[in-house]
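Here are some friendly notes to read alongside the model.

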Amino acid sequence: MSAPQQQPYQPTGPFSAIPPVAAPRPPSDARLPRLFAAMMGVFAGLLVLLATFLPQSTYEQLSEGKAVTKLAETGWTRTFDIEPSTEEKEFYDKTHVARYGIPLSAAALTLFAGAAVGFAAYRRSSTSIAATTSRTLLVAGGAGTAIGVWMLGMDISASLSFGQDTGRFVSRYGTGSGFWILLAGGLVALLTIGLAIVANRREPAPSRQAPYPVAYPPYAPGVPQQQYPQQQQPQPYEPPSPPTPPAGSALQQQDILRPSPDNPPRPDNM
């Protein structure tokens, strides 16, 4: 036989109009921007490192509609899709590309370092040394990435203007997949800077909670309070006086003969 289920208490009367007290909302965590900044720093660093090994710019030369030279440049070196002639190979061996991979990799490593310190100092205050170090590294790495992407973009934009078409020879310059990935990494790096700056806010001080729960008001708003009659203060107890004996009785004669405490008997009368 199962035990009867207890129904929750439902107040009646004036107490039924009292709205229930809602549970307090948890305070917003001001440390979330710091965590997001570290995550974006890792994402930006990965995009930048990947982009340095992919083709960032391309060059193709056609002679009478036939490709005679075709190469691509990365952040470290150049690669040939068509093997150059002996003279062209000697020329390329004496020259090198603009190694943007060096500063971009340094910026990516700075982002990784800032993100690692940020993950380690996630539960610490925004004014702690670890949080300040993480914020500084993320801002420096993000700024370095953005500057490197901007400079590389200006370089590629200038090379695109070198294209020529003389009828017999055609020179074409273009952008590779690495440039667009690097551009995306630069945008994520700018987002990292913004989140790192926002994470500099101080966490709100925890509110002091009352040691006891707040009591319900005795009456709901708008309900008139009931007036109760005031009770009289109790009077001090007084013992009743003894009854007076009837006239002519032996008790009355004893009271008459008994000396009064205010008039004690004289010694000569005894």
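Does Asp 81 count as buried or exposed?

1. At 55% relative accessibility, Asp 81 counts as exposed; the classes are buried under 20% relative accessible area, exposed over 50%, and partly exposed in between (1.4 Å probe, protein chains only). Before going on, please note that this is a predicted model, in which local features need pLDDT of at least 70 and side-chain atom pairs count only at pLDDT 80 or more, while totals for chains, interfaces and linings use all residues. Residues are numbered from 1 along each chain as its sequence is written, and side-chain values use heavy atoms, with hydrogens and water left out.

2. Asp 81 sits in the loop between β3 (78-80) and α2 (86-94); helices (H or I, at least four residues) and strands (E, at least two) are DSSP runs numbered from the N terminus. Not counting residues up to four places away in sequence, Asp 81 touches Lys 70 and Leu 71, where contact means heavy atoms within 4.5 Å.

3. Now to helix α3 (residues 101-120). Its 20 residues should span 28 Å at 1.5 Å a residue, and the end C-alpha atoms are 28 Å apart, which agrees; the expected span is 1.5 Å times one less than the number of residues. Buried residues of α3 include Gly 101, Leu 104, Ala 108, Leu 111 and Gly 118. Among the elements that cover the buried residues of α3 are α1, α4 (129-160) and α5 (177-198).

4. The largest nonpolar core has 10 residues, including Val 48, Tyr 100, Leu 104, Leu 152 and Phe 179. Such a core is a set of buried Ala, Val, Leu, Ile, Met, Phe, Trp, Tyr and Cys residues joined through side-chain atoms within 4.5 Å. At least two residues of this core come from each of α1, α3, α4 and α5, and α4 gives the most, with three. Another core, of nine residues, lies apart from it, with Ala 44, Leu 138, Val 188 and Leu 195 among them.

5. On the surface, Leu 32, Phe 36, Met 39 and Phe 119 form a nonpolar patch with about 350 Å² of accessible area together. Areas come from the Shrake-Rupley method with a 1.4 Å probe. Phe 36, in helix α1, counts as partly exposed at 42% relative accessibility.

Technical notes. Patches are made of residues with over 30% relative accessible area and no salt bridge: like charges are joined within 9 Å, nonpolar side chains (Val, Leu, Ile, Met, Phe, Trp, Tyr) within 5 Å. A salt bridge is a side-chain nitrogen of Lys or Arg within 4 Å of a carboxyl oxygen of Asp or Glu.
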